[in-house]
Amino acid sequence: MRNKSVVTEAREIRVASDLIGLDARLQVLESETQLSRERLLRLYKELRGKSPPKGMLPFSTDWFMTWQPNTHASLFMAIYDHIDKACALDEVEVLIKAYRLYLEQIGQLGLQAVLSFTRAWRLVKFFDCGMLTTAPCTHCRAPFVVHTHELVDRFVCGLCHMPSRAGKTKPHPAGALMN
Amino acid sequence: MNTERMLEEIREANLTYLMLAQRLIREDRAQALYRLGLSEEVADVIGALSAGQILKIAASNLLMCAMRFNDDLVWNLLTGHSRQEKGNAGAAGMHAAILMAGRVAQPA
């Protein structure tokens, strides 16, 4: 069904522009707005001056369990939950605001962003469909991303109990985010 | 520090805090709730204050803002007294950030 309201369309174009500005993939735009693929492609080219990257989206929940991505995903979800609980907004708007705050926080810490916007979006979808959830660490009580049916009675987070090689990976040579 | 000077400094801190909070709330309410750690109700009140009201509230002998975290762990991580700090500076900051972000404002 095409939506005919110009106001709704204007709002959706604003959301789509925000998403493109945050490097979201086309599939994210298609899922979060009612705009047609052609319009989204045109918008993308207009804003970025090039065609969007093609190919499949990352789909694994396991990526979020490895040490470094898990810390970043947990930070992002903590921010997301905070905003989500604090006020009533559309999911996509919470996502955009939370992702901006995540980037800001990472920048303040002098770290590289590990979670791309598309990954963050995926993460929220995994939470929505119940594949992932957060569990409080039994030491520090901070919420961390875990698989839904994992046993968490004695869960200790990756930051209270750091693996010996943690955080010692070399930065990616291209410095690019793995979308 | 004599009393008059102390009251003056409290007034100034209150004024700065309330004005900043109000600006943040008016600019982007959702982000402000996160940054300030306030509940929606308090944010609405502060967002709606007039300049005169802010001046009046600021002139108090109490600070209007309180410490957000009463947790040893957060403070240890922030001050770098934790075991983690050695060799992995980023991780302590990250840990503190997750702990702080995970703390939702107490309803007023």
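How many residues does H5(A) have, and how far does it reach from its first C-alpha to its last? In this predicted model, helix H5(A) has 18 residues and reaches 26 Å between those two atoms, close to the 26 Å expected at 1.5 Å a residue.

**Chain A as a whole**

Chain A contains six helices and two strands. Along the sequence the elements follow the pattern α-α-α-α-α-α-β-β. The C-alpha atoms of the chain fill a box of roughly 55 × 40 × 30 Å, taken along the principal axes. A compact globule with 179 residues would have a radius of gyration near 16 Å, and chain A, at 18 Å, agrees with this. Of the 179 residues in chain A, 34% are buried. Among contacts in chain A between residues at least 6 apart in sequence, 51% join residues at least 24 apart.

**Two domains**

The domain assignment of chain A gives domain 1 (6-48) and domain 2 (62-147). Their C-alpha centres lie 23 Å apart. The contact between them takes eight residues from domain 1 of chain A and seven residues from domain 2 of chain A. On the domain 1 side, helix H1 (6-21) and helix H2 (26-32) of chain A each give two or more residues. By class, that side has four nonpolar, no polar and four charged residues.

**The contact with chain B**

Chain A also touches chain B, in a contact that takes 22 residues from chain A and 21 residues from chain B. Helix H4 (67-86) and helix H5 (91-108) of chain A each supply at least two residues to the chain A side. The largest share of that side, nine residues, comes from H4(A). The table sorts the chain A side by class.

| Class on the side of chain A that touches chain B | Number |
|---|---|
| Nonpolar | 15 residues |
| Polar | five residues |
| Charged | two residues |

**Ala78(A) in helix H4**

Ala78(A) lies in helix H4 of chain A.

An α-helix has 3.6 residues a turn, so residues three or four places apart point the same way. After H5(A) comes Gly110(A), whose phi is positive, near 75°.

Which residues have the most contacts inside the largest nonpolar core? They are Phe76(A), Ile79(A) and Ala98(A), in a core of 66 residues. Ala98(A) touches Phe76(A) and Ile79(A), and also Tyr80(A) and Ile83(A), not counting residues up to four places away in sequence.

Methods:
Residues are numbered from 1 along each chain as its sequence is written. Chains are lettered from A and ligands numbered from 1 in the order in which they are written. This is a predicted model: local features need pLDDT of at least 70, side-chain atom pairs count only at pLDDT 80 or more; totals for chains, interfaces and linings use all residues. Two residues are in contact if their C-beta atoms, placed from the backbone, lie within 7 Å. Helices (H or I, at least four residues) and strands (E, at least two) are DSSP runs, numbered from the N terminus. Ala, Val, Leu, Ile, Met, Phe, Trp, Tyr, Cys and Pro count as nonpolar, Asp, Glu, Lys and Arg as charged, and the others, Gly among them, as polar. Domain bounds come from an automatic or database domain assignment. The expected span of a helix is 1.5 Å times one less than its number of residues. A nonpolar core is a set of buried Ala, Val, Leu, Ile, Met, Phe, Trp, Tyr and Cys residues joined through C-beta atoms within 7 Å. A residue is buried if 20 or more other C-beta atoms lie within 10 Å of its own, exposed if 12 or fewer, and partly exposed in between; C-beta atoms are placed from the backbone. The radius of gyration is taken over C-alpha atoms; the globule rule is 2.2 Å times the number of residues to the power 0.38.
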